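This report covers the salt bridges, helix packing and strand pairing of one model. The sequence and structure come first.

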Amino acid sequence: MNKQKTTILTTLYKAGESGLTRKELAKALELPKKSEKKLDNDLAEMKKFGDVTNKKGVWRLKDSEKYFEATVTRVTPRSGFMSDESGDVPIEYFVRGRDMKGAIPGDLVLAKKTAEADIDHKNPE
């Protein structure tokens, strides 16, 4: 995912359920007129891959409840960890190295939960 697409996701996350029109999104991203064609292409591609939706001209994150802000806590060559401290108890998530996208400890990132933890609550060992 290129930098502009990442910025689009972050901007739509911050907009919440109300979403943004294309014009509002271009303004929020501070895009010059000549870059608006690329914005249209990126939005179309992101819609195709199921990252965003467009209803009545308003763009929103698809499955926005799966996104959360987290702080990168540790990075190794093959993996990383990030912590979500928004709840009562901080939750730490494992991230594959290739998905860290250059993030370093202390970075605030927008993450998407893609799978549930494999925990056997009935028979812990």
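Asp 99 has a relative accessibility of 34% and therefore counts as partly exposed; buried means under 20% relative accessible area, exposed over 50%, and partly exposed in between, with a 1.4 Å probe and protein chains only. The model is predicted: local features need pLDDT of at least 70, side-chain atom pairs count only at pLDDT 80 or more, and totals for chains, interfaces and linings use all residues. Residues are numbered from 1 along each chain as its sequence is written, and side-chain values use heavy atoms, with hydrogens and water left out.

**Salt bridges**

Asp 99 forms a salt bridge with Arg 96, and the closest N and O atoms are 2.8 Å apart. The term stands for a side-chain nitrogen of Lys or Arg within 4 Å of a carboxyl oxygen of Asp or Glu. Arg 96 is also partly exposed, at 40% relative accessibility.

| Pair | N to O distance |
|---|---|
| Lys 5 and Glu 45 | 2.4 Å |
| Asp 40 and Arg 22 | 2.5 Å |
| Asp 99 and Arg 96 | 2.8 Å |

Helices here are DSSP runs of H or I with at least four residues, strands are runs of E with at least two, and both are numbered from the N terminus. Asp 40 is partly exposed, with a relative accessible area of 32%, and Arg 22 is partly exposed at 26% relative accessibility. Arg 22, Glu 36 and Asp 40 are linked in a network of salt bridges.

The side chains of Lys 5 and Glu 45 meet in a salt bridge. Lys 5 lies in helix H1 and Glu 45 in helix H3, so this pair connects parts that are 40 residues apart in sequence. Lys 5 counts as buried at 9% relative accessibility, whereas Glu 45 is partly exposed, with a relative accessible area of 37%.

**Helix packing**

H1 and helix H3 (residues 36-48) pack at an angle of about 70 degrees, and their axes are 10 Å apart. H1 is therefore roughly perpendicular to H3, a label for angles of 65 to 115 degrees; under 35 is roughly parallel, over 145 roughly antiparallel and the rest oblique. Axes are lines fitted to C-alpha atoms, for helices over the stretch in contact, and angles run from 0 to 180 degrees between N-to-C directions. On the H1 side, Gln 4, Lys 5, Ile 8 and Leu 9 meet residues of H3 that include Leu 39, Asp 42 and Met 46; contact means heavy atoms within 4.5 Å.

Helix H1 (residues 3-15) also lies across strand S4 (67-75) and S7, running at about 130 degrees to S4.

**Strand pairing**

Four strands form an open antiparallel sheet in the order S6-S5-S4-S7; two strands pair if DSSP finds at least two bridges between them. Strands S6 (91-96) and S7 (108-112) stand at the edges with a single partner strand each, so one side of each is left without a neighbour in the sheet. Neighbouring strands of the sheet are turned by 45 degrees against each other on average, direction ignored. Six bridges join strand S5 (residues 79-84) to S6, and Gly 80 stands opposite Val 95 in S6.

Strands S2 (residues 52-55) and S3 (residues 58-61) pair in the antiparallel sense over four bridges. They form a hairpin with two residues between them, and Lys 56 in the turn has a positive phi of about 55 degrees.
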